[in-house]
Amino acid sequence: MPGPAALSAGAAVALVAVLLLARREEAGPETGPSKPKLPKLREDFKMQNKSVFILGASGESGKVLLKEILEQNLFARVTLIGRRKLTFEEEAYKNVNQEVVDFEKLEDYASAFQGHDVGFCCLGTTRSKAGAEGFVRVDRDYVLKSAELAKSGGCKHFNLLSSKGADKSSNFLYLQVKGDVEARVGELKFDRYSIFRPGVLLCNRQESRPGEWLIRKFFGFLPDSWASGHSVPVSTLARAMLNNMVRPSDKQMEILDNKAIHDLGKAHGVLKP
């Protein structure tokens with residue numbers, strides 16, 4: 001029969017084991033080596049002195065994305081590519097380069113797409129504004145040609161703003177075109193290709209779109225938990241696009257749905273892979 005000393009030692013070992021187990025449970029599941037936090041990822045990205053272009057910076061999403069890019073100061077050079085020159089009064093925009101192009105003759109403006117490491121495409125219109133043919137020309141043809149020139153110009157990471165429900169087999173023209181251009185850009189084989197599929201974009205457009213206005217009002221009356229599954233503020237989308245960009249990824253193509261956009265856009269610490 002073991003003596004008192006043996007019993008005390010066994011009890012001590014058991015007690016230590018219980019305490020270690022409790023501490024591990026409090027800390028949560030093990031996640032392997034610690035991952036860099038968001039501020040460190042941003043700083044590491046900034047040190048690479050990369051160049052970026054934005055297509056569609058005159059629209060609400062592109063406008064907020066540009067503002068976020070400048071506030072985070074992530075790039076050594078920022079270029080806007082569009083059909084007209086934009087006017088900015090704030091000092092923060094003074095070093096933004098602008099390339100004015102004719103989207104009907106994009107081949108003549110290949111130089112505008114040269115030398116950019118990252119590209120963001122926020123181009124888009126509506127069927128009610130441009131008609132069915134015009135919508136397809138902007139949301140598919142302009143986007144695809146821009147992506148081709150960006151690829152030829154050395155772009156490594158192409159980010160495409162698409163839509164929730166995008167499906168090239170859809171019976172709805174809007175979703176069919178979005179899905180079709182996603183697939184066609186994918187065939188270009190960028191080193192990294194990120195597709196963002198947000199729900200209804202919540203913003204205050206300068207351009208009048210009565211249908212979207214009604215939808216935004218509708219979501220405004222819904223519980224946050226339900227609305228967040230089908231809509232997202234453009235500010236959250238912009239932050240998600242940039243947070244996704246600075247985190248390392250071994251995926252050649254990635255699709256981020258509305259929930260992923262919410263999660264990334266609200267992140268402040270360690271980003272999930």
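Mentor: Before we start, one definition: two strands pair if DSSP finds at least two bridges between them. Keep in mind too that this is a predicted model.

Trainee: Okay! Over how many bridges do strand E1 and strand E4 pair?
Mentor: Pairing needs at least two bridges, so count what joins residues 51–55 of E1 to residues 118–121 of E4. The two strands run in the parallel sense. Along them, Val52 stands opposite Val118 in E4. The number of bridges between E1 and E4 is 4.

Trainee: Which strands are the edge strands of the open sheet?
Mentor: Take the order of the 7 strands, E3-E2-E1-E4-E5-E6-E9, with parallel pairing. An edge strand pairs on one side only, so look at the two ends of that order. By the way, the twist from one strand to the next averages 15 degrees. The edge strands are E3 (97–100) and E9.

Trainee: What angle does the direction of H5 make with that of E6?
Mentor: Helix H5 packs on the sheet, where it touches strand E5 (157–161) as well as E6. Angles here run from 0 to 180 degrees between N-to-C directions. For H5 and E6, the value is about 170 degrees.

Trainee: Let's zoom out. How many helices and strands does the protein have, and what share of its residues count as buried?
Mentor: The protein has 9 helices and 9 strands. Buried means under 20% relative accessible area. Out of 273 residues, the share that passes that test is 40%.

Trainee: Among contacts between residues at least 6 apart in sequence, what share joins residues at least 24 apart?
Mentor: A contact means heavy atoms within 4.5 Å. Start with pairs at least 6 apart in sequence, then keep those at least 24 apart. What you keep is 71%.

Trainee: How many residues apart are Glu254 and Arg192?
Mentor: Their side chains meet in a salt bridge at 2.9 Å, N to O. Glu254 is in strand E9 (residues 253–256) and Arg192 is in strand E6, so this pair links distant parts of the chain. Glu254 is buried at 8%, and so is Arg192 at 10%.

Trainee: How many salt bridges does the structure hold, and which residues are linked in a network?
Mentor: A search of the structure gives 14 salt bridges. As for the network, the linked residues are Glu104, Glu133 and Arg137.

Trainee: Switching to cysteines: how many disulfides are there, and how far is Cys122 from the nearest cysteine sulfur?
Mentor: A disulfide is a pair of cysteine sulfur atoms within 2.5 Å, and the search of the whole structure finds 0. Cys122 is in no disulfide, and the nearest sulfur is that of Cys121. Cys122 is buried at 12% relative accessibility. Its distance to the sulfur of Cys121 is 6.8 Å.

Trainee: Last one: is Lys189, with its positive phi, buried or exposed?
Mentor: Lys189 has phi near 60 degrees, a positive value in a residue other than glycine, and its place is the loop between H5 and E6. Asn73 also has a positive phi, near 55 degrees, and is found in the loop between helix H3 (60–72) and strand E2 (77–82). Asn73 counts as partly exposed at 41%. The cut-off for exposed is over 50%, so Lys189, at 54%, is exposed.

Note on methods: Residues are numbered from 1 along each chain as its sequence is written. This is a predicted model: local features need pLDDT of at least 70, side-chain atom pairs count only at pLDDT 80 or more; totals for chains, interfaces and linings use all residues. Side-chain values use heavy atoms; hydrogens and water are left out. A salt bridge is a side-chain nitrogen of Lys or Arg within 4 Å of a carboxyl oxygen of Asp or Glu. Buried means under 20% relative accessible area, exposed over 50%, partly exposed in between (1.4 Å probe, protein chains only).
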